[in-house]
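Me: I'd like to learn how to read a protein model feature by feature. Can you walk me through this one?

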Amino acid sequence: MSDKTEGKKLQELLTHKWRNSWEEFTENELKEVFETSEEYKLFLDRCKTERESAEEIIKSAREKGYISIDEVIEAQKQIEPGMKIYAANKNKAVALFVMGKEKLEKGMNIVGSHIDAPRIDLKQFPLYEDSELALLKTHYYGGIKKYQWVALPLALHGVLIKKNGEKVNVVIGEDENDPVFFVTDLLPHLAKDQMAKKMDEGITGEGLNILFGSIPYNEKDLSDKVKLNVLNILHEKYGMVEEDFTSAEFEIVPAGKAKDVGIDRSMVGGYGQDDRACAFTALKAILNVEAPNRTAAALFVDKEEIGSVGNTGMESMFFENVVSELIALSYANYSELTLKRALANSKVLSADTLAGFDPNYPEVLDKRNSPFIGKGITLVKYTGVRGKGGSNDANSEYLSEVRRLFNDNHIIWQMGELGKVDQGGGGTIAYILARYGMEVVDCGVPLLSVHAPYEISSKADIYMTYKGYKVFFEA
């Protein structure tokens with residue numbers, strides 16, 4: 001006989017509490033959680049730029065039997081269920097497909113993430129000398145708090161295209177024997193005026209100059225000898241001259257590896273987790289999908305942090321063009337109508353991170369409607385700014401479908417939104433995919449310290465997001 005009162009029974013039946021993943025895991029699942037987190041940290045270490053991310057994704061896909069769509073087109077191979085295909089977009093974005101048993105016009109199950117992250121870029125003619133120090137001029141990329149990037153060990157990653165067209169990949173600051181770089185800051189003793197400014201004015205964009213060298217070239221009667229010595233080092237190591245900066249893409253990112261956080265090692269701290277937390281989990285999920293009913297597609301796009309613009313962002317025609325090619329290879333006669341049906345009938349998880357509840361900053365977060373790290377993959381019905389400006393705002397019917405899918409497959413999930421209504425907001429690629437008529441809902445990993453040089457995720461959420469994306473691909 002139950003000793004529960006009628007009120008307790010009613011409470012259990014009618015009310016809901018989000019579950020803490022750590023309290024739900026079996027012993028085997030716990031092992032998988034920590035194994036997955038080790039893979040994730042390696043991914044973060046290898047993927048500090050969008051180019052490095054795209055390269056790593058393609059490498060992992062090819063190891064799992066994926067072939068380039070260019071190879072398929074050239075060989076005029078017939079598309080068959082279970083075929084694994086990837087398409088690369090200018091070394092900065094990637095789409096992976098596992099062809100389904102159903103025809104493409106019935107739609108796809110898509111998980112769309114982005115692989116760019118807030119950072120500092122070098123200007124096109126960056127190197128100069130001042131007060132016998134060599135420095136680099138920069139232009140920050142995406143939403144950063146500029147003061148977080150001073151007095152921090154930094155690394156230089158990027159690609160150099162020389163005069164003769166030769167491409168050279170450059171990484172300085174990640175090997176334990178490499179030098180690192182810094183943006184200097186004022187000592188507190190002389191920072192009276194700086195400390196009186198607003199936080200966003202204390203360090204200016206034009207003040208984010210990278211300290212790059214200080215030894216002069218050993219010859220008299222020369223100007224800018226420190227700059228010349230730096231150029232000489234770069235020439236000896238990479239064969240570059242100063243003009244080569246104009247066609248280079250050099251990015252400044254935090255130096256060092258992703259680390260476990262917490263005495264219990266329950267979290268991961270590392271750069272670029274927005275949005276490589278979702279890129280990693282989507283990649284791991286689709287690499288473990290074999291024969292879905294509907295075609296599974298994982299998107300890894302660039303430029304989300306600056307509005308998804310450009311020919312490698314979600315606003316480009318890349319994805320639509322690739323799907324067109326797949327239809328041309330799948331049907332005897334290509335039809336624009338078939339393409340439109342394939343896109344309109346698709347279902348999407350817009351895979352992006354959002355702010356988890358932080359007890360240090362409760363004043364900007366609605367505790368009842370914020371996600372908590374450790375409580376699973378997060379569904380976000382709407383993003384946008386204040387009055388949902390710029391939001392997709394998922395349909396209730398589709399949200400219910402995803403909810404049932406997660407519940408039926410024992411996926412620990414929660415709902416969330418980005419802070420209190422009047423505090424600000426943000427967006428994802430969801431609204432762009434929704435233009436085709438696709439059903440779209442935001443769904444990803446909650447983080448602490450979003451857009452900081454080092455962000456924090458829960459290992460439990462990384463694992464549960466991977467599981468959630470996998471059951472979605474296979475639905």
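Me: At what angle do helix α2 and helix α8 pack, and how far apart are their axes?

Reply: Keep in mind that this is a predicted model. For a helix pair, look at the angle and the distance between the axes. Here α2 (residues 27–46) and α8 (residues 273–286) pack at about 125°, with the axes 10 Å apart. That angle makes α2 oblique to α8. As for handedness, α2 passes α8 in a right-handed crossing.

Me: Which residues make the contact?

Reply: On the α2 side you'll find T36, E39, Y40, F43 and L44, and on the α8 side Q273, R276, A277, F280, L283 and K284. Sort the residues of this contact by class and you get 6 nonpolar, 2 polar and 3 charged.

Me: How do α2 and α13 cross?

Reply: Read this pair like the last one. The axes of α2 and α13 (residues 459–474) come within 9 Å and cross at roughly 95°. An angle from 65 to 115 degrees counts as roughly perpendicular, so α2 and α13 are roughly perpendicular to each other. From α2, the contact takes in E29, E32, V33, F34, T36, S37 and Y40, while α13 brings K459, A460, I462 and Y463. By class, the α2–α13 contact has 6 nonpolar, 2 polar and 3 charged residues. Look back at the lists and you'll spot T36 and Y40 of α2 in the contact with α8 and in the contact with α13.

Me: What lines the second largest cavity?

Reply: L122, K123, Q124, F245, A248 and F250 do, around a volume of about 30 Å³. Strand β5 (residues 119–130) gives the largest share of this lining, 3 residues.

Me: What about pockets? How much space lies in the largest pocket?

Reply: The largest pocket has about 1,200 Å³ of space. It is lined by 37 residues, and the closest to its centre are K145, A355, L418, V450 and H451. The elements giving two or more residues to the lining are β15 (354–355), β19 (425–426) and β21 (446–448). Its class count is 13 nonpolar, 16 polar and 8 charged.

Me: Which element gives the most to the lining of the second largest pocket?

Reply: That's α3, with 7 residues. This pocket has a volume of about 410 Å³, and T49, R51, E52, E55 and N169 are the closest to its centre among 19 lining residues. At least two lining residues each come from α3 (50–63), β7 (154–161), β8 and β10 (249–254). The lining has 5 nonpolar, 5 polar and 9 charged residues.

Me: Last one: with which residues is E105 in contact, leaving aside its neighbours within four places in sequence?

Reply: For a loop residue, check what it touches elsewhere in the sequence. E105 is in the loop between β3 and β4 (108–114), and its contacts beyond those neighbours are Y331, T338, R341, A342 and N345. As for P362, E105 is 257 residues from it in sequence and 46 Å from it in space, C-alpha to C-alpha.

Notes: Residues are numbered from 1 along each chain as its sequence is written. This is a predicted model: local features need pLDDT of at least 70, side-chain atom pairs count only at pLDDT 80 or more; totals for chains, interfaces and linings use all residues. Side-chain values use heavy atoms; hydrogens and water are left out. Axes are lines fitted to C-alpha atoms, for helices over the stretch in contact, and angles run from 0 to 180 degrees between N-to-C directions. Helices (H or I, at least four residues) and strands (E, at least two) are DSSP runs, numbered from the N terminus. Angles under 35 degrees count as roughly parallel, over 145 as roughly antiparallel, 65 to 115 as roughly perpendicular and the rest as oblique. A crossing is left-handed if the near helix is turned anticlockwise from the far one by less than a right angle, and right-handed if clockwise. Contact means heavy atoms within 4.5 Å. Ala, Val, Leu, Ile, Met, Phe, Trp, Tyr, Cys and Pro count as nonpolar, Asp, Glu, Lys and Arg as charged, and the others, Gly among them, as polar. On a 1 Å grid over the protein atoms alone, a cavity is a set of points where a 1.4 Å probe fits but cannot get out, and a pocket is an open set with protein on both sides within 12 Å along at least five of seven lines; lining residues have an atom within 4 Å of a point. Grid points are joined across faces, edges and corners, and a volume is the space filled by probe spheres set on the points.
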